[in-house]
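Hello,

I am handing over the structure we talked about. Please have a look at it first, and then read on for what turned up.

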Amino acid sequence: MARIEGAGILVLPRRAAVGLRLGQLGAAIARRVGSLLPLIALVLAWEVSSRSGMVSSFLLPPLSAVLGRVWDDALSGDLTINLGMTLYRALAGFAIAAVGGVALGIVMTRIKFIRWFFDPIVSVGFPMPKIAFLPIFMLWLGLYDVSKISMAAFNAIFPVIVATVAAAEGVDRELLWSARSLGAGERQMLREIILPAALPQIMTGLQVALPVSMIVTIVTEMLMGGHGLGGAMIAASRFADSPGVFAGIVEIAVAGLCLVKSIAALRRRLLIWHQEAQEPTTV
C-alpha cells in the first residue's frame, strides 16, 4: 500500500511505481503511433492507387519505385551532393538572416533614428512576396551560390526582425526600471534582461525563418539550375523522369522535417529554464 512520509510526500510501492512508468510509456507510444496514422494512410493510398492502375504510374509512380530511386541516388552519390548543396545554401542564408535580423531588431528598439528609417521598409517588405526580387538578384549577383544564399537570407530576415522587435518591446518594464535603479548599464541590461526575456519570441521568429530559407533555396535552384535538390527535380522533369521528380519531393520533405525538428530541439535546449519547458504539475 502507498504510504505518506514527512512533508506530505506520497510514496508508492516499487511494483506500483514500475506499473505507473510502464503506463506512461505505453501512453506516449500510443500518442506517437496515433500521430503517424494519417501519414501511414497517405502512404498506403499512394502505393495502392498507383499499383492498382487507378492513376497512371507516369503521373504518380509507386512509392516503392520512388524510394528505390532515392536509394539509387544515395548509392551514386548524387543525393549527397544535391542535399549538401541545398542545405549549405539554406543554412547559410538562415544564419545571415538570424544574426542580421536579431541585431537589427534589437537596434530598432534602442535607437529611434534606426527605428524611424527601417520601420517603413520592414512594414512594406514583410508581407510582400519577396521571391519577385529573384530576377534582380540574378542580374546583380549571377546564377551561382551568392545569389541563392542572398535570396534565402533576404526572404528569411523579415520574420526574424518582426519577432525580435515585438519580443524586445514586450519585455516587462518593471524589470528594466529595476535594473536601471540598481545601476545596470545598457550592455548589461541587453545581455542579462532583454535578450533572455525576448528569447522565446525570437526563437519563434527563427522557427518561421528556417523553413522560409529552405523553401526559397529550393525555388532558386529550380529557376537557376545547377546542383541541389531543386535543380535535380527540374532536370528530372525535363527528361520526363517521373520517379526522379517524386524522389526529389520525398528528399525535400525529409530534409525539411529534419531541419524543423532540429530547431525545435534547439529551442527546448535554449529555453530549458523557461516556463514553456516545464512539465505541468498535478495536484
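Predicted model: local features only at pLDDT ≥ 70, side-chain atom pairs only at ≥ 80, totals over all residues.

**Helix packing**

Residues are numbered from 1 along each chain as its sequence is written, and side-chain values use heavy atoms, with hydrogens and water left out.

The angle between α4 (residues 112–125) and α6 (residues 145–169) is about 125°, and their axes are 10 Å apart. Helices here are DSSP runs (H or I, at least four residues), numbered from the N terminus. Axes are lines fitted to C-alpha atoms over the stretch in contact, and angles run from 0 to 180 degrees between N-to-C directions. The crossing of α4 and α6 is left-handed, a term used if the near helix is turned anticlockwise from the far one by less than a right angle, with right-handed used if clockwise.

α6 also packs against α8 (residues 186–224): their axes come within 7 Å and cross at roughly 160°. That angle makes α6 roughly antiparallel to α8. Their crossing is right-handed. In the contact of α6 with α8 there are 18 nonpolar, 8 polar and 2 charged residues (Ala, Val, Leu, Ile, Met, Phe, Trp, Tyr, Cys and Pro count as nonpolar, Asp, Glu, Lys and Arg as charged, and the others, Gly among them, as polar).

**Pockets**

The largest pocket holds about 350 Å³ of space. A pocket is an open set of points on a 1 Å grid where a 1.4 Å probe fits, with protein on both sides within 12 Å along at least five of seven lines; lining residues have an atom within 4 Å of a point. The lining of the largest pocket has 12 nonpolar residues, with no polar and no charged ones; among them are Leu 39, Trp 46, Leu 63 and Ile 249. α1 (14–51), α2 (63–76) and α10 (242–270) each supply at least two residues of this lining.

The second largest pocket has about 220 Å³ of space. Of its 15 lining residues, Arg 69, Asp 73, Asn 82, Ala 232 and Gly 244 are the closest to its centre. Its lining has 7 nonpolar, 3 polar and 5 charged residues, and α9 (229–238) gives the most, with 5 residues.

Enjoy exploring it!

Key:
Points joined across faces, edges and corners; volume = space filled by probe spheres on them. Parallel < 35°, antiparallel > 145°, perpendicular 65-115°, else oblique.
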